[in-house]
Every structure is written in structure tokens, then in C-alpha cells.
Amino acid sequence: EIKTIRLNETIVELKSASRRDGLTGLLNRLALEDDASITDCRHMAVYMIDINYFKEINDRYGHAAGDTILREVSETLKHLYPGAHYYRYGGDEFLVVGYNIGLEECVKVAERIKTRCEEELIMPDGSNITASIGVIEIDENEEFEKNLTRFDDQLYKAKALGRNRVVYK
């Protein structure tokens, strides 16, 4: 019985660890896919965030500096939007899901995230980090999973318009 209890505890720990990004501690893409299939979309806002020119940061200052920036952005997200769900979507892309929030408030939060990155996250040479953010509001008639392409499109629109901006729908 003790072995069974320990085995079950280990399984729970492994499952939890498989849903977390090892670097940032945020939920990962696997967790997003699991969560997307069960998410209730009422009054949901989704933020797709990209650190601008991140590859150049890694190339110029090294991966350790890039890792530090990823961790700092993760902490910034958690601090500025408590209660949301945070995912490391890909290399330097983050996805934040907020609940019970309207579009106007969504945009304010996104602007605070962008401003905090720009003003407080510093690269080794003293220059600032910038972020592009796409915001989508989802209503109860939409399925989260079917909107992943829209999230990407909104982010790419922000980048195409000159980066370091918030674009919303």
C-alpha cells in the first residue's frame, strides 16, 4: 500500500512537471492544448506576446542572457495580471489567458505589459526589451482551440505595424 501511494504521488508530480516549462515555470504548450479543450470561453481575453528581436539578443549576448530575459518577462506577466493563466507558447512567445475581462480592460493590461517590458527589462548593453502584443477577446459562442490561428495573426499584425505595440480586436 505504501508503494502504491508513493507511485501515485510520483505520477501526479510527473504529470504536473510535464505541463511546466522548465526555464520559466509557466505552463507549456502541452498544458495549453489540454486546457484549450476544456476551457469555458465566457468573457475571455487572450494575449499573444512576442519579445522583439529575441534571436538577435541570444546571438549577441548569449543564451544565458536570453534565458534571464525569458524569466523576467514571465515574472512581469504574473505580476501585472494576477489570476490569469500563463503559457510559454514557443521560444520567445507567451500566451496569457484572462477571464471575466472586457476588451477595454484587456488593452489596458496589454499596454502595461508592453510598457513594463520597455521600461524595466534591460539587456546587458543597457538597452531596453520591447514586446509586441496581440489581443483577442473571445465570447461564449467561440471555441478556444479554433482561435489559435487568430491569436498568431493578431501578434503578426502587431509586428508588421512596427513592433513594440499592442494590436487588438
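Helix 4 passes helix 5 in a right-handed crossing, a crossing being right-handed if the near helix is turned clockwise from the far one by less than a right angle, and left-handed if anticlockwise. Helix 4 spans residues 63–80, and the two helices pack at an angle of about 140° with their axes 10 Å apart. Axes are lines fitted to C-alpha atoms, for helices over the stretch in contact, and angles run from 0 to 180 degrees between N-to-C directions. Helix 4 and helix 5 are therefore oblique to each other; angles under 35 degrees count as roughly parallel, over 145 as roughly antiparallel, 65 to 115 as roughly perpendicular and the rest as oblique. Val73, Thr76, Leu77, His79 and Leu80 of helix 4 meet Arg112, Ile113, Arg116 and Cys117 of helix 5, where contact means heavy atoms within 4.5 Å.

The model is predicted: local features need pLDDT of at least 70 and side-chain atom pairs count only at pLDDT 80 or more, while totals for chains, interfaces and linings use all residues. Residues are numbered from 1 along each chain as its sequence is written, and side-chain values use heavy atoms, with hydrogens and water left out. Helices (H or I, at least four residues) and strands (E, at least two) are DSSP runs, numbered from the N terminus.

The open sheet has 5 strands in the order 2-3-1-4-5, with mixed pairing. Its edge strands are strand 2 (85–90) and strand 5 (166–168), each pairing on one side only; two strands pair if DSSP finds at least two bridges between them. Strand 2 pairs with strand 3 (residues 93–99) in the antiparallel sense over 5 bridges, and glycine 90 stands opposite glutamate 93 in strand 3. Helix 5 (residues 103–120) packs on this sheet, touching strand 1 (44–51), strand 4 (131–138) and strand 5, and its direction makes about 165° with that of strand 4.

Serine 132 lies in strand 4. At 0% relative accessibility, serine 132 counts as buried (buried is under 20% relative accessible area, exposed over 50%, partly exposed in between, with a 1.4 Å probe and protein chains only). Leaving aside neighbours within four places in sequence, serine 132 is in contact with residues including Met48, Asp50, Leu155 and Asn164. The serine 132 side chain reaches the backbone nitrogen of asparagine 164 at 3.2 Å.

Arginine 20 sits in the loop between helix 1 (2–18) and helix 2 (29–36). With a relative accessible area of 42%, arginine 20 is partly exposed.

Key:
A polar contact is a pair of N or O atoms within 3.5 Å; within protein, one must be able to donate a hydrogen and the other to accept it, and residues adjacent in sequence count only if both atoms are side-chain atoms.
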